[in-house]
Amino acid sequence: MSQKPKPSHGLAACPGCAEPLDSGDRFCGACGYDLSAVPAAGIGPDRPTVAIGTPVNWPDAPPREPGSLSTMTQHPGDLPGTDSGGHELPANGTAPAPAATGDFELAAPDPRAAVRVDDPVPAPGAAPAPVSARAQAQQAPAPVSAQGQAQQAPAPVSAPAPAPGAAHDDGLCVACRAGRVDTDGYCENCGHAQPRERDHMERELGGVAAVSDRGLRHHRNEDAFAVSATTLPDGSPATLAVVCDGVSSATRPDEASAAAAEAAGAALCAALPRGTHPQQAMHEAIVAASEAVNSLAEKAADGEPHRNAPACTIVGSVVADGLLVVGWIGDSRAYWVPDDRTAPAARLTEDDSWAAQMVAAGLMNEAEAYADERAHAITGWLGADAYELDPHTVAFKPDRSGVVVVCTDGLWNYAEGPEDMARVVPADAADRPLHGARVLVGHALDGGGHDNITVALVPFAVPPQGAGSA
């Protein structure tokens, strides 16, 4: 689970003049530095499409509408674009020189040291916690009609169909199979708590799939997801996945993640068929998710939202028309894993975290920052008490097929680096995304399952030559 930072700014000293700071300072008393504006490492304004092995052929983006919520979105025509190393593309549109190895990089972020988790991960070889009886009642994916795949928003993932044999079907305890289950969710005979519908959720739809599991240490699942498939105005397919992680130190984190995932998924399913540029649609989806989470905050007597309002992180991916678009706020991540495992994998997102902020401000090196107990505190989230709404979006044009791994830290804590993630993603994940997602959740459970685990797999296939705008 992500944690909000305890200090309001999370800095020990001013990035501008190194003056010591108090936890409640909003501005430096010596130089006036705005402490809410400290940039996170590698994260700034939305980035344009990044070429991977070939020059960028910008897809047409719809004109901006006055007053649109998407005015912060980076339209392809606004910037000249960069190659995968962050360098400007040649003015004549020719492709950059290929690497000597023939490999490509997908805008690989700066390498990171290991990130601390909320709970200590046991040493290698330590026995994992025993699996509870809820493993007997894993949920089956709810059927979805073919008509609903194209235009309708994804159904809320917080209410999947109960699995056969679970207490929801016959009223019997899943542990002793003798006692009746009371209205409070406990067996009248053995007192065993019954599995909740969100303890384990699965969904496969239109070639994209997701799995979410409570894990082995938490009493409830505070993650949520939305997956769907739709079509663009020209009839070409588009797939999407949104994953949200409730902030465990906030109130009602499970409600926040469910509301955000449902709102973002619905926004994408509504925008893409209208012809909205995928990167613009992703930005607007994050805005919609933010508004959904904000609506959960209770008001204090003075009309202001209570502190510690419901909150969550968000990460989403859209594959459409040869583009791979990713958007996020917080420390949930997206990874690129090519089908050809001799090519490098890459992490597509940068965490909004205390450690990244300290490194960016030059106050610590990476080793120091990630060794600190505050390293895993997030500096960006969705919620009424968030500092500001600053969605990050980036678009890529891969030159080969692969799969996008969209996940919470419940998974990436056990496969932090791109190479680590590529090793645990099954080779046939693009063809069997649901199976691949189950394998990844199993990897986290085998590692100890210290957190809720949610992963979505979005296959990316290279469009045929001459198809679309690619």
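Predicted model: local features only at pLDDT ≥ 70, side-chain atom pairs only at ≥ 80, totals over all residues.
Local features need pLDDT of at least 70, side-chain atom pairs count only at pLDDT 80 or more, and totals for chains, interfaces and linings use all residues. Residues are numbered from 1 along each chain as its sequence is written, and side-chain values use heavy atoms, with hydrogens and water left out.

Start with the whole protein. Its secondary structure comes to 9 helices and 13 strands. These are DSSP runs, numbered from the N terminus: helices are H or I with at least four residues, strands are E with at least two. The protein has 470 residues, and 50% of them count as buried. Buried means under 20% relative accessible area, exposed means over 50%, and partly exposed lies in between (1.4 Å probe, protein chains only). Contact means heavy atoms within 4.5 Å. Among contacts with a separation of 6 or more, 69% join residues 24 or more positions apart.

Now the open sheet. It has 6 strands in the order β2-β3-β13-β12-β8-β9, with antiparallel pairing. Two strands pair if DSSP finds at least two bridges between them. Strands of a sheet pair through backbone hydrogen bonds, either parallel or antiparallel. At the edges stand β2 (200-205) and β9 (346-347). Each has a single partner strand, so one side of each is left without a neighbour in the sheet. Even so, β2 is mostly covered, with 5 of its 6 residues buried. Its antiparallel partner is β3 (residues 208-213), joined by 6 bridges. Here His-200 has Asp-213 as its bridge partner. The hairpin of β2 and β3 has 2 residues between the strands, and Gly-206 takes a positive phi near 60°. Elsewhere in the sheet, β12 (residues 402-407) and β13 (residues 453-460) pair antiparallel over 6 bridges. Val-403 is bridged to Pro-459 in β13.

Asp-223 stands opposite Asp-245 in β5. Between β4 and β5 lie 5 residues, and Gly-235 of this hairpin has a positive phi near 90°.

Turn to the helices. α3 (residues 253-271) and α4 (residues 278-294) pack at about 145°, their axes 8 Å apart. Axes are lines fitted to C-alpha atoms, for helices over the stretch in contact; angles run from 0 to 180 degrees between N-to-C directions. The α3 side of the contact includes Ala-256, Ala-260 and Leu-268, and the α4 side includes Met-282, Ala-285 and Val-293. By class, the contact has 15 nonpolar, no polar and no charged residues.

Finally, look at Cys-312. This residue sits in strand β6 (residues 311-320). The C-alpha atoms of Cys-312 and Ala-261 are separated by 9.8 Å, though the two residues are 51 apart along the chain.

Conventions. Nonpolar A, V, L, I, M, F, W, Y, C, P; charged D, E, K, R; others polar.
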